[in-house]
Amino acid sequence: MGTISVYLHILTHLIFTTAFEDGPVGILYFINEEVKLMSAAISAIHRAVQLTSRRWLNLQEYQSKKLMSDNGVRVQRFFVADTANEALEAAKRLNAKEIVLKAQILAGGRGKGVFNSGLKGGVHLTKDPNVVGQLAKQMIGYNLATKQTPKEGVKVNKVMVAEALDISRETYLAILMDRSCNGPVLVGSPQGGVDIEEVAASNPELIFKEQIDIFEGIKDSQAQRMAENLGFVGPLKSQAADQITKLYNLFLKIDATQVEVNPFGETPEGQVVCFDAKINFDDNAEFRQKDIFAMDDKSENEPIENEAAKYDLKYIGLDGNIACFVNGAGLAMATCDIIFLNGGKPANFLDLGGGVKEAQVYQAFKLLTADPKENNC
């Protein structure tokens with residue numbers, strides 16, 4: 001039994017054997033005094049284990065694809081460009097039948113987004129390298145607004161110039177840490193390219209899982225079985241199994257909590273390709289994944305969010321005028337709810353996390369008082 005559990009057990013026993021002698025007043029007084037002691041004990045435990053909150057790592061699409069490519073996972077050939085001229089040269093070097101040009105921002109919905117240059121769409125297909133250069137001129141340096149960005153959009157600093165491949169069939173594949181299984185789990189479906197939650201709701205029989213023993217690693221039989229469940233046949237089945245194994249090895253190597261490939265597809269030419277991927281990382285592994293965490297793209301964050309991150313504080317700006325300065329994400333969300341219920345609007349979500357130190361509290365107050373919207377604390 002852990003320290004806190006032991007303390008709770010003793011506290012409950014004492015309340016019901018001693019405090020009842022003094023009636024309700026005695027119970028309340030006893031609980032109050034014991035809660036003070038318990039709070040002090042928990043604070044001491046927090047200080048001992050040095051708990052600190054961590055911010056999520058954000059990687060652009062091209063960064064995730066490079067990680068995959070460097071580890072033997074098949075992705076489209078691509079180049080990254082910072083200028084229109086670089087994009088034009090990249091398109092020529094690809095020497096592809098068709099080229100896809102993608103604006104690199106962290107928000108979703110790029111294909112239906114609008115630039116403040118007037119260009120519509122953050123994803124374009126063309127067979128002419130010269131068109132790539134013309135499109136890049138209207139992308140780089142301009143803001144792209146999508147359903148997931150602020151109204152003014154997000155500035156595009158880079159574009160990805162990639163080989164466009166035809167997809168003859170789309171499937172879904174993910175590797176994730178599942179607490180209920182105490183380890184990694186493969187999740188796949190022959191229905192890819194769509195929202196996997198919708199598939200799970202409408203056709204749960206099309207969701208396949210393989211629990212992996214993290215000590216033994218993925219077995220060839222598991223990779224082959226998942227490839228078969230995804231509908232790959234013949235030589236494509238072996239290809240898919242090989243790609244699944246490499247994705248699992250990447251998952252472990254980079255301390256990921258999730259690698260989601262949608263679509264995990266096949267081409268008319270007989271290749272299995274990871275067309276799009278999302279990777280989530282275990283932020284506690286930053287100390288041994290320094291090269292990956294050095295790629296963290298903070299350019300799209302609000303300056304105040306980057307300042308907060310320097311002190312391991314989680315800050316999200318909102319459009320109200322009541323400051324929300326709380327210890328713990330759950331309590332912060334509950335506080336925002338209470339503000340809304342009483343007719344107010346929170347100006348921010350500021351979570352200090354566990355084991356907060358005096359210097360962090362000081363910096364948190366500085367962040368709050370620097371924002372003119374937050375006139376109530």
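A: Patches are made of residues with over 30% relative accessible area and no salt bridge, where like charges are joined within 9 Å and nonpolar side chains (Val, Leu, Ile, Met, Phe, Trp, Tyr) within 5 Å. Accessible areas come from the Shrake-Rupley method with a 1.4 Å probe, and for residues only the protein chains shown count as cover. A salt bridge is a side-chain nitrogen of Lys or Arg within 4 Å of a carboxyl oxygen of Asp or Glu. This is a predicted model, in which local features need pLDDT of at least 70 and side-chain atom pairs count only at pLDDT 80 or more, while totals for chains, interfaces and linings use all residues. Residues are numbered from 1 along each chain as its sequence is written, and side-chain values use heavy atoms, with hydrogens and water left out.

Q: Which residues make the nonpolar surface patch?
A: M177, I214, F215 and L252 make a nonpolar patch of about 420 Å².

Q: Why is F215 called exposed?
A: The relative accessibility of F215 is 80%, so F215 counts as exposed; the classes are buried under 20% relative accessible area, exposed over 50% and partly exposed in between, with a 1.4 Å probe and protein chains only. F215 is found in the loop between β10 (208–211) and α7 (220–229). Helices (H or I, at least four residues) and strands (E, at least two) are DSSP runs, numbered from the N terminus.

Q: Why is the pair of Y248 and F251 called stacked?
A: Rings of Phe, Tyr and Trp (its six-membered ring) pair if their centres lie within 6.5 Å; planes under 30 degrees apart count as stacked, over 60 as edge-to-face and the rest as tilted. The structure holds four aromatic pairs. In the pair of Y248 and F251 the centres are 6.2 Å apart and the planes stand at 25°, so the pair is stacked. Both residues lie in helix α8 (residues 235–253), three residues apart, which is about one turn of the helix. Y248 counts as buried at 1% relative accessibility, and F251 counts as buried at 1% too.

Q: What makes the pair of F325 and F365 edge-to-face?
A: The angle between the planes is 85°, and the centres are 4.5 Å apart. F325 lies in strand β15 (residues 325–326) and F365 in helix α12 (residues 358–370), so the pair ties together parts that are 40 residues apart in sequence. At 27% relative accessibility F325 counts as partly exposed, as does F365 at 41%.

Q: How do you know that the charged end of R93 sits over the ring of F79?
A: The criterion is that NZ of Lys or CZ of Arg is within 6 Å of the ring centre and within 35 degrees of the ring normal. The charged end of R93 is 4.0 Å from the centre of the F79 ring and sits over that ring. R169 has its charged end over the ring of F232, 4.7 Å from the centre.

Q: What makes R169 and E266 a salt bridge?
A: Their side chains meet at 3.2 Å, N to O, against the limit of 4 Å. R169 in strand β8 (residues 169–178) and E266 in strand β11 (residues 256–266) are 97 residues apart, and the pair links distant parts of the chain. R169 is partly exposed at 23%, whereas E266 counts as buried at 13%.

Q: How do you know that E61 and R110 form a salt bridge?
A: The closest N and O atoms of E61 and R110 are 2.9 Å apart. E61 lies in helix α3 (residues 61–70) and R110 in the loop between β2 (99–103) and β3, so the pair ties together parts that are 49 residues apart in sequence. E61 is buried, with a relative accessible area of 10%, and R110 is buried, with 13%. A network of salt bridges links E61, K65, K102 and R110. The count by this rule comes to 13 salt bridges.

Q: Why do β14 and β15 stand at the edges of their sheet?
A: Two strands pair if DSSP finds at least two bridges between them. Three strands form an open sheet in the order β14-β16-β15, with mixed pairing. β14 and β15 each have a single partner strand, so one side of each is left without a neighbour in the sheet. Strand β14 (residues 314–317) pairs with β16 in the antiparallel sense over four bridges, whereas β15 and β16 pair in the parallel sense over two.
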